[in-house]
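Please open the structure in your viewer and keep the selection panel to hand. The stops below each say what to select and what is to be found there.

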Amino acid sequence: MGTVALYEGSESCTPHWNNFFPVPVEYVNNNKAELNAVLNSYCEESWQILEDRLKQIELPYKEGLFKIFTENSSW
């Protein structure tokens, strides 16, 4: 499911967002061809990054904010 991502920053210059509000594309568009085009716009590398980072989140998945560490994380 594709999303439009809205986020809330921080005044203290923290290295992460304070809050994140993903809005599924399906909430604003019900055209199946356009929805499929959104999903197909992600390259294979993006899908692989998503899958790798999801492995850092404990199962069962639940709603919330989670710190995801990357190769260049500074915290």
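Is K55 buried or exposed? K55 is exposed, with a relative accessible area of 67%, where buried means under 20% relative accessible area, exposed over 50% and partly exposed in between, taken with a 1.4 Å probe and protein chains only.

Before going further, note that this is a predicted model, in which local features need pLDDT of at least 70 and side-chain atom pairs count only at pLDDT 80 or more, while totals for chains, interfaces and linings use all residues. Residues are numbered from 1 along each chain as its sequence is written, and side-chain values use heavy atoms, with hydrogens and water left out.

**The whole chain**

Show the protein chain as a cartoon and follow it along the sequence: the pattern is β-β-α-α, made of 2 helices and 2 strands, these being DSSP runs numbered from the N terminus (H or I and at least four residues for helices, E and at least two for strands). Of the 75 residues of the chain, 7% count as buried. If you switch to a surface, the accessible area comes to about 6600 Å², and 54% of that belongs to carbon and sulfur atoms; such areas come from the Shrake-Rupley method with a 1.4 Å probe, and for residues only the protein chains shown count as cover. Among contacts (heavy atoms within 4.5 Å) between residues at least 6 apart in sequence, 22% join residues at least 24 apart.

Side chains of opposite charge can pair when their charged atoms come close. D52 is partly exposed, at 36% relative accessibility, whereas K55 is exposed.

**Strand β2**

Next select P22, which lies in strand β2, residues 19-24, and is partly exposed with a relative accessible area of 43%. Display T3 as well: the C-alpha atoms of P22 and T3 are separated by 5.7 Å, although the two residues stand 19 apart along the chain. Leaving aside neighbours within four places in sequence, P22 is in contact with T3, V4 and A5.

Move on to L35 in helix α1, residues 32-40, which is buried, with a relative accessible area of 9%. Not counting residues up to four places away in sequence, L35 touches V25, E26, N29 and N30; from L35 to V25, 10 residues away in sequence, the C-alpha to C-alpha distance is 7.2 Å.

Which residues line the largest cavity? Select G2, V25, E26, L35, V38 and L39 together, for these form its lining, and they divide into 4 nonpolar, 1 polar and 1 charged. In that division Ala, Val, Leu, Ile, Met, Phe, Trp, Tyr, Cys and Pro count as nonpolar, Asp, Glu, Lys and Arg as charged, and the others, Gly among them, as polar. The volume of this cavity is about 30 Å³, and the count comes to 1 cavity of 30 Å³ or more. On a 1 Å grid over the protein atoms alone, a cavity is a set of points where a 1.4 Å probe fits but cannot get out, and lining residues have an atom within 4 Å of a point; points are joined across faces, edges and corners, and the volume is the space filled by probe spheres set on them.

**Helix α2 and the segment after it**

Now select R53, which lies in helix α2 and is partly exposed at 32% relative accessibility. Apart from neighbours within four places in sequence, R53 is in contact with I68, T70 and E71, and its C-alpha atom is separated by 6.5 Å from that of I68, 15 residues away along the chain. I68 lies in the segment after α2 and counts as partly exposed, at 22% relative accessibility. From I68, go to I57, 11 residues apart in sequence and 8.1 Å apart in space, C-alpha to C-alpha.

For the last stop, select L59 and P60, which are joined by a cis peptide bond with omega about -5°. P60 is in the segment after α2, the helix of residues 44-54.

Notes:
On a 1 Å grid over the protein atoms alone, a cavity is a set of points where a 1.4 Å probe fits but cannot get out, and a pocket is an open set with protein on both sides within 12 Å along at least five of seven lines; lining residues have an atom within 4 Å of a point.
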